[in-house]
Amino acid sequence: MSFLFDESYYKIGKNGVSPAQNMCAYLGGSAIQTVGDNPVTAYRQLVQQYAKDVNGNTVAPKVAVGEANATFRANPIGASLSGLWPRLIGVLLKRVPKFGFLLGYSHFVGEGTPGFAAATCASICSAPFINPVRLVEKQQRAYFKQTGQAKPVGEILRESAAKNFLPLFRGTIPLMGHSLASAMLGLVGQPRLQKYVQKELGATGSLSGTATNLVASAVVSPIYVVVTNPLSRLEVIMQTNSLKGKSIGAVAAVKELGADMAKFGLSGIFRGQGIGIAKAIVSLTLFHEGRIYLTNQFKAYNLRKLD
(Lines give C-alpha, C1' and ligand atoms only; values in the text may rest on other atoms or scores of the structure.)
Protein backbone atom coordinates (compact mmCIF):
# COMPACT_ATOMS: atom_id res chain seq x y z
CA MET A 1 0.00 0.00 0.00
CA SER A 2 3.06 2.27 -0.15
CA PHE A 3 1.85 3.59 -3.52
CA LEU A 4 -0.60 5.76 -1.53
CA PHE A 5 2.36 7.97 -0.63
CA ASP A 6 3.73 8.11 -4.17
CA GLU A 7 3.41 11.53 -5.81
CA SER A 8 2.34 9.92 -9.10
CA TYR A 9 -0.71 8.47 -7.33
CA TYR A 10 -2.18 11.98 -7.24
CA LYS A 11 -1.38 12.98 -10.82
CA ILE A 12 -4.21 13.08 -13.35
CA GLY A 13 -3.94 10.24 -15.86
CA LYS A 14 -5.15 9.64 -19.40
CA ASN A 15 -8.61 8.74 -18.12
CA GLY A 16 -9.07 12.27 -16.74
CA VAL A 17 -8.71 11.43 -13.04
CA SER A 18 -5.86 10.59 -10.69
CA PRO A 19 -5.56 7.11 -9.13
CA ALA A 20 -6.46 8.70 -5.78
CA GLN A 21 -9.65 10.18 -7.24
CA ASN A 22 -10.42 6.85 -8.86
CA MET A 23 -10.12 5.16 -5.46
CA CYS A 24 -12.50 7.72 -3.91
CA ALA A 25 -15.02 7.10 -6.70
CA TYR A 26 -14.86 3.34 -6.05
CA LEU A 27 -15.32 3.86 -2.30
CA GLY A 28 -18.22 6.27 -2.85
CA GLY A 29 -19.95 3.83 -5.20
CA SER A 30 -19.44 1.08 -2.64
CA ALA A 31 -21.03 3.18 0.14
CA ILE A 32 -24.09 3.90 -2.03
CA GLN A 33 -24.37 0.20 -2.87
CA THR A 34 -24.07 -0.83 0.78
CA VAL A 35 -26.96 1.36 1.94
CA GLY A 36 -29.17 0.43 -1.01
CA ASP A 37 -28.78 -3.35 -0.94
CA ASN A 38 -28.62 -3.98 2.84
CA PRO A 39 -32.24 -5.18 3.24
CA VAL A 40 -31.78 -7.71 0.41
CA THR A 41 -28.41 -8.80 1.85
CA ALA A 42 -29.96 -9.36 5.29
CA TYR A 43 -32.89 -11.32 3.87
CA ARG A 44 -30.64 -13.55 1.76
CA GLN A 45 -28.45 -14.42 4.76
CA LEU A 46 -31.50 -15.43 6.81
CA VAL A 47 -32.82 -17.63 3.98
CA GLN A 48 -29.47 -19.43 3.91
CA GLN A 49 -28.94 -19.44 7.68
CA TYR A 50 -32.36 -20.94 8.40
CA ALA A 51 -31.44 -24.03 6.38
CA LYS A 52 -31.17 -25.57 9.86
CA ASP A 53 -33.71 -25.28 12.66
CA VAL A 54 -32.83 -24.54 16.29
CA ASN A 55 -32.23 -28.27 16.86
CA GLY A 56 -29.69 -28.46 14.05
CA ASN A 57 -31.92 -30.36 11.61
CA THR A 58 -31.83 -29.40 7.92
CA VAL A 59 -35.21 -28.10 6.75
CA ALA A 60 -36.76 -27.71 3.30
CA PRO A 61 -35.93 -24.49 1.40
CA LYS A 62 -39.61 -23.39 1.58
CA VAL A 63 -39.54 -23.71 5.37
CA ALA A 64 -36.36 -21.61 5.57
CA VAL A 65 -37.95 -18.91 3.37
CA GLY A 66 -41.01 -18.93 5.63
CA GLU A 67 -38.80 -18.46 8.71
CA ALA A 68 -36.95 -15.56 7.04
CA ASN A 69 -40.27 -13.94 6.06
CA ALA A 70 -41.56 -14.30 9.64
CA THR A 71 -38.39 -12.67 11.01
CA PHE A 72 -38.76 -9.71 8.66
CA ARG A 73 -42.48 -9.31 9.39
CA ALA A 74 -41.80 -9.30 13.14
CA ASN A 75 -39.24 -6.48 12.89
CA PRO A 76 -38.95 -5.17 9.31
CA ILE A 77 -36.87 -2.08 10.13
CA GLY A 78 -34.51 -3.84 12.52
CA ALA A 79 -34.00 -6.75 10.14
CA SER A 80 -33.46 -4.46 7.13
CA LEU A 81 -30.88 -2.34 8.97
CA SER A 82 -29.11 -5.24 10.69
CA GLY A 83 -25.43 -5.33 9.83
CA LEU A 84 -25.56 -1.95 8.10
CA TRP A 85 -23.10 -0.13 10.37
CA PRO A 86 -20.46 -2.88 10.18
CA ARG A 87 -20.91 -2.89 6.40
CA LEU A 88 -20.54 0.91 6.17
CA ILE A 89 -17.44 0.81 8.37
CA GLY A 90 -16.37 -2.07 6.18
CA VAL A 91 -16.43 0.23 3.15
CA LEU A 92 -13.12 1.48 4.52
CA LEU A 93 -11.85 -1.63 6.31
CA LYS A 94 -12.79 -3.96 3.41
CA ARG A 95 -12.82 -1.81 0.31
CA VAL A 96 -9.63 0.20 0.88
CA PRO A 97 -7.48 -2.98 0.84
CA LYS A 98 -9.49 -4.57 -1.97
CA PHE A 99 -9.66 -1.51 -4.21
CA GLY A 100 -6.17 -0.53 -3.13
CA PHE A 101 -4.70 -3.80 -4.39
CA LEU A 102 -6.96 -3.75 -7.47
CA LEU A 103 -6.19 -0.18 -8.55
CA GLY A 104 -2.63 -0.25 -7.19
CA TYR A 105 -1.75 -3.31 -9.28
CA SER A 106 -3.33 -1.69 -12.34
CA HIS A 107 -1.43 1.53 -11.68
CA PHE A 108 1.96 -0.15 -11.43
CA VAL A 109 1.58 -2.45 -14.43
CA GLY A 110 0.22 0.41 -16.53
CA GLU A 111 -3.35 -0.83 -16.99
CA GLY A 112 -5.81 1.98 -17.66
CA THR A 113 -8.70 -0.21 -16.49
CA PRO A 114 -8.29 -3.04 -13.93
CA GLY A 115 -7.94 -6.46 -15.57
CA PHE A 116 -8.28 -10.06 -14.41
CA ALA A 117 -4.74 -10.24 -13.02
CA ALA A 118 -5.47 -7.20 -10.83
CA ALA A 119 -8.72 -8.85 -9.69
CA THR A 120 -6.86 -12.02 -8.67
CA CYS A 121 -4.25 -10.03 -6.75
CA ALA A 122 -6.91 -8.00 -4.95
CA SER A 123 -9.00 -11.04 -4.01
CA ILE A 124 -6.18 -13.01 -2.40
CA CYS A 125 -4.36 -10.14 -0.70
CA SER A 126 -7.44 -8.40 0.72
CA ALA A 127 -9.20 -11.48 2.19
CA PRO A 128 -7.62 -11.23 5.70
CA PHE A 129 -8.78 -7.60 5.93
CA ILE A 130 -12.30 -8.30 4.65
CA ASN A 131 -13.18 -11.44 6.59
CA PRO A 132 -13.45 -9.96 10.13
CA VAL A 133 -15.95 -7.34 8.92
CA ARG A 134 -18.06 -9.94 7.10
CA LEU A 135 -18.08 -12.18 10.19
CA VAL A 136 -19.22 -9.32 12.45
CA GLU A 137 -21.95 -8.43 9.95
CA LYS A 138 -23.26 -12.02 9.86
CA GLN A 139 -22.97 -12.50 13.62
CA GLN A 140 -25.18 -9.44 14.10
CA ARG A 141 -28.01 -11.26 12.31
CA ALA A 142 -27.23 -14.77 13.54
CA TYR A 143 -29.61 -14.68 16.53
CA PHE A 144 -32.32 -12.40 15.15
CA LYS A 145 -34.96 -15.16 15.32
CA GLN A 146 -34.22 -15.86 18.99
CA THR A 147 -33.79 -12.29 20.27
CA GLY A 148 -35.59 -10.14 17.68
CA GLN A 149 -32.65 -7.74 17.48
CA ALA A 150 -29.14 -7.43 16.10
CA LYS A 151 -26.31 -8.74 18.26
CA PRO A 152 -24.17 -5.82 19.57
CA VAL A 153 -20.78 -5.41 17.91
CA GLY A 154 -19.11 -5.05 21.32
CA GLU A 155 -20.41 -8.44 22.42
CA ILE A 156 -19.14 -10.05 19.21
CA LEU A 157 -15.69 -8.55 19.70
CA ARG A 158 -15.56 -9.60 23.37
CA GLU A 159 -16.41 -13.20 22.45
CA SER A 160 -13.71 -13.10 19.76
CA ALA A 161 -11.17 -11.59 22.16
CA ALA A 162 -11.70 -14.55 24.53
CA LYS A 163 -10.21 -16.73 21.77
CA ASN A 164 -7.44 -14.29 20.73
CA PHE A 165 -9.67 -12.92 17.92
CA LEU A 166 -9.17 -16.09 15.87
CA PRO A 167 -12.95 -16.49 15.29
CA LEU A 168 -12.84 -13.29 13.21
CA PHE A 169 -11.05 -15.26 10.48
CA ARG A 170 -13.59 -18.07 10.16
CA GLY A 171 -14.63 -18.48 6.55
CA THR A 172 -11.54 -16.89 4.99
CA ILE A 173 -11.01 -19.75 2.50
CA PRO A 174 -14.46 -19.59 0.83
CA LEU A 175 -14.24 -15.80 1.01
CA MET A 176 -11.16 -15.83 -1.26
CA GLY A 177 -13.13 -17.69 -3.93
CA HIS A 178 -16.16 -15.44 -3.42
CA SER A 179 -14.01 -12.31 -3.60
CA LEU A 180 -12.24 -13.53 -6.74
CA ALA A 181 -15.54 -14.15 -8.53
CA SER A 182 -16.85 -10.79 -7.32
CA ALA A 183 -13.79 -8.92 -8.57
CA MET A 184 -13.59 -10.71 -11.94
CA LEU A 185 -17.29 -10.49 -12.76
CA GLY A 186 -18.37 -7.37 -10.87
CA LEU A 187 -15.35 -5.05 -10.96
CA VAL A 188 -13.79 -6.15 -14.26
CA GLY A 189 -16.39 -8.02 -16.31
CA GLN A 190 -19.41 -5.74 -15.76
CA PRO A 191 -17.71 -2.47 -16.87
CA ARG A 192 -16.34 -4.19 -19.99
CA LEU A 193 -19.75 -5.62 -20.81
CA GLN A 194 -21.36 -2.23 -20.23
CA LYS A 195 -18.96 -0.62 -22.70
CA TYR A 196 -19.88 -3.30 -25.25
CA VAL A 197 -23.61 -2.71 -24.68
CA GLN A 198 -23.09 1.05 -25.00
CA LYS A 199 -21.21 0.52 -28.24
CA GLU A 200 -23.87 -1.74 -29.73
CA LEU A 201 -27.03 -0.11 -28.37
CA GLY A 202 -26.13 3.13 -26.65
CA ALA A 203 -24.69 4.67 -29.79
CA THR A 204 -28.14 4.60 -31.42
CA GLY A 205 -29.53 6.65 -28.56
CA SER A 206 -32.01 3.91 -27.65
CA LEU A 207 -30.41 3.28 -24.24
CA SER A 208 -28.95 5.73 -21.73
CA GLY A 209 -25.82 5.11 -19.67
CA THR A 210 -27.95 4.01 -16.69
CA ALA A 211 -29.94 1.61 -18.86
CA THR A 212 -26.81 0.01 -20.32
CA ASN A 213 -25.44 -0.30 -16.77
CA LEU A 214 -28.62 -2.12 -15.74
CA VAL A 215 -28.48 -4.40 -18.81
CA ALA A 216 -24.83 -5.30 -18.12
CA SER A 217 -25.61 -5.98 -14.44
CA ALA A 218 -28.58 -8.16 -15.40
CA VAL A 219 -26.38 -10.24 -17.72
CA VAL A 220 -23.48 -10.65 -15.27
CA SER A 221 -25.57 -11.22 -12.11
CA PRO A 222 -26.96 -14.73 -12.83
CA ILE A 223 -23.45 -15.97 -13.70
CA TYR A 224 -22.05 -14.34 -10.57
CA VAL A 225 -24.72 -15.85 -8.30
CA VAL A 226 -24.39 -19.38 -9.73
CA VAL A 227 -20.64 -19.21 -9.07
CA THR A 228 -20.79 -17.57 -5.63
CA ASN A 229 -23.99 -18.93 -4.05
CA PRO A 230 -22.38 -22.19 -2.79
CA LEU A 231 -19.41 -20.15 -1.51
CA SER A 232 -21.80 -17.75 0.21
CA ARG A 233 -23.50 -20.73 1.86
CA LEU A 234 -20.14 -21.96 3.17
CA GLU A 235 -19.43 -18.52 4.63
CA VAL A 236 -22.83 -18.43 6.36
CA ILE A 237 -22.34 -21.92 7.83
CA MET A 238 -18.86 -21.08 9.14
CA GLN A 239 -19.52 -17.50 10.30
CA THR A 240 -22.95 -17.75 11.97
CA ASN A 241 -21.87 -20.55 14.31
CA SER A 242 -21.53 -19.52 17.97
CA LEU A 243 -18.21 -17.80 18.62
CA LYS A 244 -18.13 -19.38 22.06
CA GLY A 245 -18.35 -22.91 20.68
CA LYS A 246 -16.15 -24.98 18.40
CA SER A 247 -15.61 -23.55 14.94
CA ILE A 248 -16.90 -25.24 11.78
CA GLY A 249 -14.02 -25.81 9.37
CA ALA A 250 -14.16 -25.60 5.59
CA VAL A 251 -14.28 -29.40 5.16
CA ALA A 252 -17.13 -29.77 7.68
CA ALA A 253 -19.02 -26.92 5.98
CA VAL A 254 -18.65 -28.60 2.57
CA LYS A 255 -19.97 -31.86 4.06
CA GLU A 256 -22.96 -29.99 5.51
CA LEU A 257 -23.62 -28.43 2.12
CA GLY A 258 -23.34 -31.86 0.49
CA ALA A 259 -25.86 -33.31 2.96
CA ASP A 260 -28.27 -30.47 2.12
CA MET A 261 -27.91 -31.21 -1.59
CA ALA A 262 -28.37 -34.95 -1.03
CA LYS A 263 -31.62 -34.30 0.84
CA PHE A 264 -33.12 -31.49 -1.24
CA GLY A 265 -31.25 -31.62 -4.55
CA LEU A 266 -30.04 -28.48 -6.29
CA SER A 267 -32.57 -26.38 -4.38
CA GLY A 268 -30.65 -27.32 -1.24
CA ILE A 269 -27.26 -26.11 -2.46
CA PHE A 270 -28.70 -23.03 -4.17
CA ARG A 271 -30.80 -21.66 -1.32
CA GLY A 272 -31.31 -17.93 -1.81
CA GLN A 273 -30.46 -18.13 -5.53
CA GLY A 274 -33.39 -16.00 -6.72
CA ILE A 275 -32.94 -13.28 -4.11
CA GLY A 276 -29.19 -13.48 -4.78
CA ILE A 277 -29.68 -12.59 -8.45
CA ALA A 278 -31.94 -9.67 -7.48
CA LYS A 279 -29.35 -8.53 -4.93
CA ALA A 280 -26.52 -8.76 -7.46
CA ILE A 281 -28.41 -6.69 -10.03
CA VAL A 282 -29.26 -4.01 -7.45
CA SER A 283 -25.75 -4.05 -5.97
CA LEU A 284 -23.84 -3.87 -9.26
CA THR A 285 -26.11 -1.19 -10.70
CA LEU A 286 -25.93 1.02 -7.58
CA PHE A 287 -22.16 0.56 -7.28
CA HIS A 288 -21.32 1.38 -10.88
CA GLU A 289 -23.85 4.24 -11.12
CA GLY A 290 -22.32 5.79 -8.00
CA ARG A 291 -18.76 5.15 -9.20
CA ILE A 292 -19.41 6.60 -12.67
CA TYR A 293 -21.19 9.66 -11.26
CA LEU A 294 -18.34 10.43 -8.84
CA THR A 295 -15.70 9.81 -11.54
CA ASN A 296 -17.46 12.29 -13.84
CA GLN A 297 -17.57 14.84 -11.01
CA PHE A 298 -13.82 14.45 -10.51
CA LYS A 299 -13.23 14.82 -14.26
CA ALA A 300 -15.30 18.01 -14.35
CA TYR A 301 -13.41 19.35 -11.33
CA ASN A 302 -10.05 18.63 -12.97
CA LEU A 303 -11.13 20.39 -16.18
CA ARG A 304 -12.25 23.45 -14.22
CA LYS A 305 -8.82 23.64 -12.59
CA LEU A 306 -7.21 23.77 -16.05
CA ASP A 307 -9.36 26.71 -17.17
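Predicted model: local features only at pLDDT ≥ 70, side-chain atom pairs only at ≥ 80, totals over all residues.
**The whole chain**

Begin with the entire protein in a cartoon view. The protein contains 13 helices and zero strands. Read from the N terminus, its elements follow the order α-α-α-α-α-α-α-α-α-α-α-α-α. Next, display the surface. The accessible surface amounts to about 14400 Å², and carbon and sulfur atoms account for 67% of it. Of the 307 residues in the protein, 46% are buried. Where contacts link residues at least 6 apart in sequence, 78% of them join residues at least 24 apart.

**Helix H1**

Select residues 19–49, which form helix H1. Of the 31 residues in H1, 24 are buried, so the helix is largely enclosed by the rest of the structure. Where in H1 does a kink lie? Centre the view on Asp37: a kink of about 55° is found there, shortly before the proline Pro39.

While H1 is still selected, pick Asn22, which has its place in this helix. Asn22 has a relative accessibility of 14% and so counts as buried. Beyond its neighbours within four places in sequence, Asn22 is in contact with Val17, Leu103 and Thr295.

**The nonpolar cores**

Now show the side chains of Met23, Tyr26, Leu27, Phe99, Leu102, Leu103 and Ala119. In the largest nonpolar core, which has 15 residues, these are the members that touch the most others. Two or more residues of this core come from each of H1, helix H5 (95–109), helix H6 (116–141) and helix H9 (172–200). H1 gives the largest share, four residues.

Another core, of 11 residues, lies apart from this one; Tyr43, Ala64, Ala68 and Phe72 are among its members.

Move to residues 250–264, helix H11, where Phe264 is located. Which residues does Phe264 contact, leaving aside its neighbours within four places in sequence? They are Thr58, Val59, Ala60, Pro61 and Arg271. Select Thr58 together with Phe264: 206 residues separate the two along the chain, and their C-alpha atoms are 9.5 Å apart.

Lys52 belongs to the loop between helix H1 (19–49) and helix H2 (61–74), while Glu256 belongs to helix H11, so the pair ties together parts that are 204 residues apart in sequence. Both partners count as partly exposed: Lys52 has a relative accessible area of 31%, and Glu256 has one of 22%.

Select Asp260 and Arg271, whose closest N and O atoms are 2.7 Å apart. Arg271 sits in the loop between helix H12 (266–269) and helix H13 (273–306), and Asp260 in helix H11, so this pair ties together parts that are 11 residues apart in sequence. Are these two partners buried or exposed? At 2% relative accessibility, Arg271 is buried; Asp260, also at 2%, is buried as well. Arg271 is also one of the residues that Phe264 contacts.

**Other salt bridges**

Highlight Asp37, Arg87, Glu137, Arg141 and Lys279. Salt bridges that share partners join these five residues into one network. Asp37 is also the site of the kink in H1.

Finally, select Lys151 and Glu159. They form a salt bridge in which the closest N and O atoms are 2.8 Å apart. Both residues are buried, Glu159 at 11% relative accessibility and Lys151 with a relative accessible area of 8%. How many salt bridges are there in total? The count comes to 11.

Methods
Residues numbered from 1 in each chain as written. Heavy atoms only, no water. Contact = heavy atoms within 4.5 Å. Salt bridge = Lys/Arg side-chain N within 4 Å of Asp/Glu carboxyl O. Buried < 20%, exposed > 50% of the residue type's maximum accessible area, 1.4 Å probe, protein only. Areas by Shrake-Rupley, 256 points an atom, 1.4 Å probe, with all protein chains shown as cover. Bend = angle between axes of the 7 residues up to and from the residue. Core = buried A, V, L, I, M, F, W, Y, C linked by side-chain atoms within 4.5 Å.
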